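I opened a notebook for this structure today. Below are my entries, in the order in which I looked things up.

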Amino acid sequence: VRSSWHGQQPLPPTDGWHPACLDGSPATGQSQAMDSHLPFLQAPAVVPDLDPAFRPASLAVRELERAADATGRPLILRIALEQADGSTFAFQRRFLPLDHPHAAANSFFLERLAKFLLWSRGGWRLHVAGPRALVDGLQAHYAGNPAGLFDASIIGGRVYEKPLTVEAVTELPPERAATQPLGRHWDGCRIGFDLGGSDRKVAAVVEGEPVFTEETVWDPIRQSDPQYHFDGIMDSLKKAAAHLPRVDAIGGSAAGVYVNNRPKVASLFRSVPQELFESRIRNLFFDLKAAWGGIPFEVANDGEVTALAGSMSLGKNAVLGIAMGTSTAAGYVTPDGCITSWLNELAFVPVDYRPEGPRDEWSGDRGVGSQYFSQQVLGRLVPAAGIQTDPTLPLPDKLKLVQKLMAEGDPRARKIYSTVGVYFGYGLAHFASFYDCAHVLVLGRVMTGEGGSIILDRAREVLRTEFPDLAQRLEFHTPDETSKRHGQAVAAASLPAR
């Protein structure tokens with residue numbers, strides 16, 4: 001399963017709850033379970049210009065573990081996530097001993113850890129080796145809390161087609177992980193495409209060299225007719241084919257969960273009625289393949305293609321690729337140059353632990369990646385920067401406005417990018433505790449222009465200040481401006497083997 005998707009159907013407003021409430025109690029009551037984590041929230045040493053209330057997950061987890069270690073007897077809690085094919089991934093973290101004055105915080109930190117693992121690793125069954133009360137609380141969260149119900153519905157029901165299950169165990173099942181090569185096929189004349197929420201990109205590639213690239217604005221998310229999607233993709237493919245003597249293979253990058261070239265869940269098609277989704281969208285890429293004479297045709301999640309593009313361009317492995325576009329796409333290439341069956345869906349992982357963090361419109365949760373590493377964050381920060389815009393202005397247009405102001409030297413735009421850079425630095429420190437990576441490739445429209453340089457400069461400042469060891473071993477990489485916008489389409493061309 002390859003995954004990078006943001007939203008399918010929006011949830012109703014859920015301002016009366018908070019993800020920390022494992023028992024589903026309302027936020028208005030400020031329950032003990034909800035407040036218990038507050039003593040561990042640390043103000044960042046590098047303060048975001050436009051968001052001084054930001055409380056990074058990376059600092060909160062570090063503070064909790066310091067408190068646990070100070071007791072001399074930290075509680076070691078272990079989790080294994082099981083996927084449909086039997087792949088199992090294990091993880092452990094230090095928590096407070098049960099007699100600690102702030103032991104109630106364990107519930108909050110366990111739920112945030114489980115959420116990160118669900119959306120980064122993936123899995124339908126969580127084996128938890130730890131105190132039974134904590135396990136029961138986590139199980140209740142997925143059964144009764146709106147954020148938990150969303151995770152259970154999407155991860156369990158739609159991705160793995162099994163009920164999301166939490167089981168208390170004394171020993172974790174054996175770890176089993178499958179990896180596989182991805183892409184890197186450059187022989188012949190190929191077309192690559194990259195489908196985003198605001199534009200689609202296409203590239204014609206001959207023996208590994210792009211000879212044509214194009215970006216076309218489209219609006220797939222609001223379209224209910226599957227023919228719109230078919231016609232749009234076909235239009236781009238035909239334009240690329242016009243620059244090739246023949247077409248030997250086609251590869252695609254798209255936001256969504258894809259299994260054997262079939263979309264399981266994808267934001268691009270979220271306005272398509274379920275009946276039409278099943279009858280037309282499930283086989284969309286097979287229909288496109290048939291229209292091109294049955295040539296090799298492969299579609300992968302855009303996050304994986306981000307990482308693939310980085311690994312190929314750098315000639316290095318252990319790459320975490322992050323694309324800041326309509327949402328947050330991510331992919332991971334292991335130190336041995338393969339991909340895993342992890343989801344790598346960083347749009348939904350928690351990165352800010354303050355109770356009043358920005359709320360994600362789709363999952364209903366607060367403080368998750370899409371609100372910090374995508375066009376959504378620029379749209380959110382525009383008012384805070386004092387920039388007057390029409391509230392109904394689409395996010396791509398808000399991004400263009402901020403980029404225009406940045407090019408004109410407007411200090412308000414600079415503060416927006418500076419704030420995103422601080423978010424990114426603390427976010428990367430959190431990601432690095434889950435991914436064995438030495439290289440970070442950053443792509444996407446948000447990174448275009450001088451603003452992208454400011455983001456990386458501020459992220460480096462955060463790492464040097466708060467995480468010096470990580471700053472020494474983690475390298476940032478950005479492609480040139482053309483590759484930032486078209487690199488995924490070019491890399492996608494290499495997906496199919498002939």
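**Entry 1: charges and overall form**

I looked up the charges and found 49 positive and 56 negative side chains in the chain, with the centres of the two sets 1 Å apart. I counted Lys and Arg as positive and Asp and Glu as negative, leaving out His and the chain ends. I placed each charge at NZ of Lys, CZ of Arg, CG of Asp or CD of Glu.

I note that this is a predicted model, in which local features need pLDDT of at least 70 and side-chain atom pairs count only at pLDDT 80 or more, while totals for chains, interfaces and linings use all residues. Residues are numbered from 1 along each chain as its sequence is written, and side-chain values use heavy atoms, with hydrogens and water left out.

I then looked up the secondary structure: 15 helices and 16 strands (DSSP runs, H or I of at least four residues for helices and E of at least two for strands, numbered from the N terminus). The radius of gyration is 22 Å, close to the 23 Å of the globule rule for 498 residues, so the chain is as compact as a globular protein of that length. The radius is taken over C-alpha atoms, and the rule is 2.2 Å times the number of residues to the power 0.38. The C-alpha trace spans about 70 × 50 × 40 Å along its principal axes.

**Entry 2: burial**

I found that 61% of the 498 residues are buried (under 20% relative accessible area; exposed is over 50%, partly exposed in between, with a 1.4 Å probe and protein chains only).

**Entry 3: aromatic pairs**

I found 29 aromatic pairs in the structure. Rings of Phe, Tyr and Trp (its six-membered ring) pair if their centres lie within 6.5 Å; planes under 30 degrees apart are stacked, over 60 edge-to-face, and the rest tilted.

I picked Phe54 and Tyr372, a tilted pair at 6.0 Å centre to centre with 40 degrees between the planes. Phe54 is in the loop between α1 (32–35) and α2 (57–70), and Tyr372 is in the loop between β14 (328–333) and α10 (375–384), 318 residues apart. Phe54 is buried at 1% relative accessible area, and Tyr372 is buried at 0%.

Next I checked Tyr332 and Tyr435, whose ring centres are 5.2 Å apart with planes at 65 degrees, so this pair is edge-to-face. Tyr332 lies in strand β14 and Tyr435 in the loop between α12 (411–431) and β15 (439–443), so the pair ties together parts 103 residues apart in sequence. Tyr332 is buried at 3%, and Tyr435 is buried at 2%.

Last, I noted one aromatic cluster, whose members include Phe54, Tyr372, Phe424 and Phe476.
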